[in-house]
Amino acid sequence: MWLKKAANFLERGLSPLTRVVGNVGAGVIAVMMLLTVTDVVGRRVFNHSVLGAYELNELMLIIVVLFSIVHCQFLKGHITIDLVVTRLRQRTQNVIDSIMYLFFLATLCLLTWRLWVYAAEIGQSNLVYGLLGVPVSPFIFVESLCCALLSLVVLMHLLLFLAGALKE
């Protein structure tokens with residue numbers, strides 16, 4: 001069936017990309033830990049903290065959370081509660097999952113678009129963040145790109161559920 005082939009095509013393309021995104025997220029967590037340890041040790045031992053450590057941790061947290069969500073969704077690692085749905089036939093479960101993923105995909109597409117527009121507006125106003133004066137718009141563009149990547153992952157899962165719902 002063409003839905004399954006399209007989903008497999010997306011999976012082959014998204015698998016290495018989501019793996020890289022997950023690894024980057026893990027690397028950023030390591031940098032956050034080092035920055036926090038350096039900040040705490042500097043404050044306790046030298047009575048001087050790292051300038052902008054709080055803001056940098058906040059900005060890195062954006063990357064960690066969004067990259068992790070994309071990677072976890074690709075692996076279907078999110079927690080699901082399906083007390084009622086598991087008692088239904090597999091085909092009915094696939095229909096319900098398809099409707100849910102379709103709503104999720106529409107929401108993500110809308111969010112991607114609005115984040116991109118917002119990032120462009122913020123970029124034109126030259127808004128900066130905190131003590132360090134880090135521009136905000138690149139981080140919002142990263143959020144938008146993560147939402148776009150998450151949309152592709154959700155589309156892949158949607159196609160798989162649709163293929164299961166439409167098979168006879």
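Which side chains meet in a salt bridge? In this predicted model, the answer is Arg 43 and Asp 39, whose nitrogen and oxygen atoms are 2.7 Å apart.

View 1. Asp 39 is buried, with a relative accessible area of 11%, whereas Arg 43 is partly exposed, at 39%.

**View 2. A nonpolar surface patch that includes Val 37.** Val 37, Val 41, Val 45 and Phe 46 make this patch, which covers about 410 Å². Of these residues, Val 37 is found in helix 1, which runs over residues 2-45.

**View 3. The edge-to-face pair of Trp 116 and Phe 141.** A pair of aromatic rings is described by the distance of the centres and the angle of the planes. For Trp 116 and Phe 141 the centres are 4.5 Å apart and the planes stand at 65° to each other. Because Trp 116 belongs to helix 3 (residues 90-125) and Phe 141 to helix 4 (residues 137-166), the pair ties together parts that are 25 residues apart in sequence.

**View 4. An aromatic cluster of Tyr 101, Phe 104 and Phe 161.** These residues form one cluster, and the structure as a whole holds three aromatic pairs.

**View 5. A charge over a ring, at Arg 114 and Trp 113.** The charged end of Arg 114 sits over the ring of Trp 113, at 4.9 Å from the centre of that ring.

Key:
Residues are numbered from 1 along each chain as its sequence is written. This is a predicted model: local features need pLDDT of at least 70, side-chain atom pairs count only at pLDDT 80 or more; totals for chains, interfaces and linings use all residues. Side-chain values use heavy atoms; hydrogens and water are left out. Rings of Phe, Tyr and Trp (its six-membered ring) pair if their centres lie within 6.5 Å; planes under 30 degrees apart count as stacked, over 60 as edge-to-face and the rest as tilted. Helices (H or I, at least four residues) and strands (E, at least two) are DSSP runs, numbered from the N terminus. A charge sits over a ring if NZ of Lys or CZ of Arg is within 6 Å of the ring centre and within 35 degrees of the ring normal. Patches are made of residues with over 30% relative accessible area and no salt bridge: like charges are joined within 9 Å, nonpolar side chains (Val, Leu, Ile, Met, Phe, Trp, Tyr) within 5 Å. Accessible areas come from the Shrake-Rupley method with a 1.4 Å probe; for residues, only the protein chains shown count as cover. A salt bridge is a side-chain nitrogen of Lys or Arg within 4 Å of a carboxyl oxygen of Asp or Glu. Buried means under 20% relative accessible area, exposed over 50%, partly exposed in between (1.4 Å probe, protein chains only).
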